[in-house]
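Student: Could we go through this structure together? I'd like to talk about the pockets, the ligand and a few backbone details.

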Amino acid sequence: MISPPVCYPGSVPTLAVPKEPWPERRVALVPEIAGRLVQEGWEVLVERGAGAAAFFQDAAYEAQGARLVERKELWRAELVLSVQPLQELQDLASGTILIGFQYPYRAPERVRELAHRSLSALAMELIPRITRAQPMDALSSQATVSGYVGALWAAQASPRFFPMLTTAAGTIRPAQVLVLGIGVAGLQAIATVRRLGATVWAYDVRAAALEQARSLGARVLELPIQAEGEGGYARELSEEERQLQEAALNERVAQMDAVITAAQVFGRPAPRLLSEEAVRKMRSGAVVVDLAAESGGNCTLSRPGEVVEVGGVRILAPANPPAELPLHASEMYARNLYHLIRLLYQGGQPHWDDEILQGALLTHQGTVTYEPIARLLERS
Ligand code: NAD
């Protein structure tokens, strides 16, 4: 349980919210959460225009007691909140705390610099997936947005209706939609596609994920590959397993009107599930939406941020799906941050001796505290 509101005695703690680099449209703090933090004793600095792309106007932050400032004035804050990794590390005083997605595997050299500059970075993607941490779990909140957006993209790009229709002009059969990778994003894609009335099929390498898909009304593809890893995650497949999976999927995707892929293996490139051969077997007018494009893509033909067409099949690979729904994605993310800030400042000062904070801590007091990246940097 999170403790009751914290009021900070003595000096007023200051936090800052920069405008995110375009094309990121989310913002780390929304006015409502800024207001809560102000009431709890924080000075909240928001860069002018920070929320505009997510439809939160400057005046709304001001009305909640936040101060609008120019970017260079942000860096005096002891805590900086962002969505994307902050780049102006040279402008921050040592000891500044950064909270945001840090993508340590994509940019390990930046992690080295964070440590070198004695910045304390909490990585939202490293929040442990334990029950107590659920209110802070930004991977899940943003994956929920991705799954919803992915389903809508599939429906919109499809030249068919998704639901069954009985009309004077005849009966339309429901679209057949396959969701590959049933984590948080895949589950939301299933739920949304079901609401649109299509018949949904689901596939994952974890039996528990298939059970959850069934409970949402999906039909399950039974393929002979199981790959349960540690902590409820999937493990990476061996080359032999991967080929077996690809061959089995090739046959099944040919019968689908849309395929939404959301398969990930934490800290690794996204698994390749759909080959060019599989896409070429699909019907003309079929659609693939690859929600894993940012981490390498589940389809070999995906190009992040582009639409590729092969033999009448369109492959959409949104580069940053949560940014497509910036208002609610920001609201959910800001709530995640709020709970994390409350935990971090429980005694009025930052304290780090908590399993959740330790799990998410990437760098602290000049050291890379997240072991896998520390080892990676030692080898490089
Ligand atoms: P994820 O984004 O890491 O992966 C998405 C899905 O891809 C997973 O279901 C995975 O099994 C699947 N996948 C990986 N390789 C595959 C392959 N070769 N073929 C097909 N599917 C493949 O997943 P996530 O959304 O982060 O969720 C991962 C796990 O964490 C789930 O068990 C979820 O229930 C659990 N979780 C727990 C909590 C919590 O307890 N607080 C919160 C969120 C998620």
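**Pockets, ligand and backbone**

Tutor: Let us begin with the second largest pocket, which holds about 390 Å³ of space; of the 17 residues that line this pocket, the closest to its centre are Glu230, Gly231, Tyr233, Phe266 and Tyr370. Please keep in mind throughout that this is a predicted model.

Student: How do the residues of that lining divide by class?

Tutor: The lining of the second largest pocket comprises eight nonpolar, three polar and six charged residues.

Student: Now the ligand: how many residues surround it, and which are the closest?

Tutor: The ligand is surrounded by 24 residues, of which the closest are Arg129, Ser140, Val184, Asp204 and Arg206. By class, this shell consists of 13 nonpolar, seven polar and four charged residues.

Student: What does the side chain of Asp204 do there, in terms of distance to the ligand?

Tutor: An N or O atom in the side chain of Asp204 lies 2.7 Å from an oxygen atom of the ligand, while a nitrogen atom of the ligand is 3.0 Å from an N or O atom in the side chain of Gln245.

Student: Switching to helix 4, what span should it have?

Tutor: Helix 4 has 20 residues (residues 138-157), so at 1.5 Å a residue it should span 28 Å, and this agrees with its end C-alpha atoms, which are 28 Å apart.

Student: Which peptide bond is cis, then?

Tutor: The bond from Trp22 to Pro23 is cis, with omega near 15 degrees, and Pro23 sits in the loop between strand 1 (14-17) and helix 1 (31-39).

Student: What about phi of Phe55?

Tutor: Phi of Phe55 is near 70 degrees, a positive value in a residue other than glycine; Phe55 belongs to the loop between strand 2 (43-47) and helix 2 (58-63).

Definitions and conventions. Residues are numbered from 1 along each chain as its sequence is written. This is a predicted model: local features need pLDDT of at least 70, side-chain atom pairs count only at pLDDT 80 or more; totals for chains, interfaces and linings use all residues. Side-chain values use heavy atoms; hydrogens and water are left out. A residue is near a molecule or strand if one of its heavy atoms lies within 4 Å of it. A polar contact is a pair of N or O atoms within 3.5 Å; within protein, one must be able to donate a hydrogen and the other to accept it, and residues adjacent in sequence count only if both atoms are side-chain atoms. Ala, Val, Leu, Ile, Met, Phe, Trp, Tyr, Cys and Pro count as nonpolar, Asp, Glu, Lys and Arg as charged, and the others, Gly among them, as polar. On a 1 Å grid over the protein atoms alone, a cavity is a set of points where a 1.4 Å probe fits but cannot get out, and a pocket is an open set with protein on both sides within 12 Å along at least five of seven lines; lining residues have an atom within 4 Å of a point. Grid points are joined across faces, edges and corners, and a volume is the space filled by probe spheres set on the points. Helices (H or I, at least four residues) and strands (E, at least two) are DSSP runs, numbered from the N terminus. The expected span of a helix is 1.5 Å times one less than its number of residues.
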